[in-house]
Amino acid sequence: MNSKSVQFQYPAEFPEQVRMLEKLNLLFTGIVHVYDLETRRIIYINHRFTELLGYSLQELEEWEGNLEVPVLPDDLWSQKEEKLEALLRKELNAIECETRLRHKDQSERTYKTRLTIFREDEHGNPLELIGISEDITEQVNRYKTLLQQQEMHRITEQAFHFGSWEKNLETGELVCSDGLYKIMGHPPEMMSTNCEEYTSLFTFLDKRDDTMVSQTVQEAIRNHQPFRLEHRVLTQSGKKKVLMVVGRPVLNENGTVSLLVGSIADITMLRQYEQELRLKIEELQRSNGELEQFAYAASHDLQEPLRKISSFVTRLRAKLGDTLEDEAEDYMRRTLQAIDRMKSLIDALLLLSRVTRQGNVKESVSLAHIVQDVLDDLDTQISEKKAFIEIDELPTIEAVPVQMRQLFYNLLGNALKFTDPSRVPHIQLKATPLPLEEAREKGLSTHFQWMKITVKDNGIGFEPEYKERIFQVFQRLNGRSEFEGTGIGLALCRKIVEFCGGTITAESQLGQGTCFTFYLPAAL
């Protein structure tokens, strides 16, 4: 043989073996080596050993043909002794084994080696073994990656309570993941292998869902489209479950559906929570509706007795005329004032109860027009206090017009009412779009584009500890003798904003003004 093609020259006195090695070098791209059983050394190895593993001829010579040097410890020959012994006893014609070798650059490579007897003595006793080795590192790594992915898939199925399935419509073969069996609550033998579509995969589907499931899947097959549905099953223990199924048809080379593949998630608890929440919401809505009706009816019914009391006191006062003593006159006056106060409170309650009553139809509302109307109504207060009002460009939102007028009338009216006599009132009204991420953080529906609106003044302000109390009905931080009002204005503002799906907050410091921030949905 040409010495350039080998690292160790095979003895020329065995021409038959030399010719065989030459042919193997031409046909095979891996490592070919011959192992001497007596010396337990490599006596021949082709040049691909140095090419594939990076070692030099000198290093191979220094090892004296001992390839155990680059072999990693857990892959020593002792692990293959049983196979080798069977080969040497000629119980096997050839053996196959895997060995991990260390490359010259210290990386690890995996080789698959096939061994057979190469030369025997005149009595048929094996003298040499020939091995052909190929690098299968990439295949092994891919297999390890596949195993890792399968393990990750299994863990994910357990964590998120779902399973996957694949149905071959041509052969009837059904492949299910372990997670699916666990969800279904039935062993593999319960799964049907003789079916044409999804509904007959599982004999324990709730029969009430058969038609819906069959129609959905058949339509997906006809249109070559994915499908999504929910159906009920009964586990082997008799437990009822609700499953979410997502699947799709797979086309073969002829363009017809040959496979159905999909995943199934157990959403039983989710649907139970939704049902419980729905019942609680319905009960709350019913209770709120009854309270609103009661408040409306009670407030409305109280109007007539008040009118009569006011009428009787007025007539009595007129009839007695100048005969009333000063003390009696004072009682009459205070009685009429109390009646007027009671009437104002009843009117305020009626206004509050109307916010969520039927008939409040939302529409596109220009806040610029609303605010201008409010400022026209407050023109006298603005002139008297020489207030400076700064307004940004205002958006169009989705709301009830009359409610928006009430909202801004109360907020701007408060800003003009609670002013500091030592400085000129300055009111700022600003509006900016709210980013989607901030809307999500604030718990607002992501189905709308929200506008952040602020009303800021430099008035008397209040202590921060009262920032929630001011939104409660009839809660006042100042006496009636100091500032007029019913104590219901900010409660009305909160109810209006919440009716629109938004929120409202207040930030303030005593003597440093107040800033109201609220969120309203932009018009579509």
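A: Helices (H or I, at least four residues) and strands (E, at least two) are DSSP runs, numbered from the N terminus. Residues are numbered from 1 along each chain as its sequence is written. The model is predicted, so local features need pLDDT of at least 70 and side-chain atom pairs count only at pLDDT 80 or more, while totals for chains, interfaces and linings use all residues; side-chain values use heavy atoms, without hydrogens and water.

The buried set consists of Gly489, Leu490, Ala491, Leu492, Cys493, Arg494, Ile496 and Val497. After H14 comes Gly501, with a positive phi near 95 degrees.

Arg494, though buried, has a partner: its side chain meets that of Glu468 in a salt bridge, 3.2 Å from N to O (a side-chain nitrogen of Lys or Arg within 4 Å of a carboxyl oxygen of Asp or Glu). Arg494 belongs to H14 and Glu468 to the loop between strand S16 (450–457) and H14, so the pair ties together parts that are 26 residues apart in sequence. Glu468 is partly exposed, at 42% relative accessibility.

The structure holds 17 salt bridges. One of them joins Arg271 to Glu230, with the closest N and O atoms 2.3 Å apart. Because Arg271 lies in helix H8 (residues 268–320) and Glu230 in strand S9 (residues 227–234), this pair ties together parts that are 41 residues apart in sequence. Arg271 is partly exposed at 24% relative accessible area, as is Glu230 at 29%. Another pair is Arg100 and Glu108, at 2.5 Å from N to O. Here Arg100 has a relative accessible area of 22% and Glu108 one of 45%. A network of salt bridges links Glu96, Lys112, Arg114 and Glu134.

For another helix, take H1 (residues 15–27). Gln17, Val18, Leu21, Leu24 and Asn25 are its buried residues.

As for confidence, pLDDT (the predictor's confidence in each residue, from 0 to 100) averages 79 over the chain, and 78% of the residues score at least 70. Residues 479–483 have pLDDT below 50.

Conventions:
Expected span 1.5 Å × (residues − 1). Buried < 20%, exposed > 50% of the residue type's maximum accessible area, 1.4 Å probe, protein only. Contact = heavy atoms within 4.5 Å.
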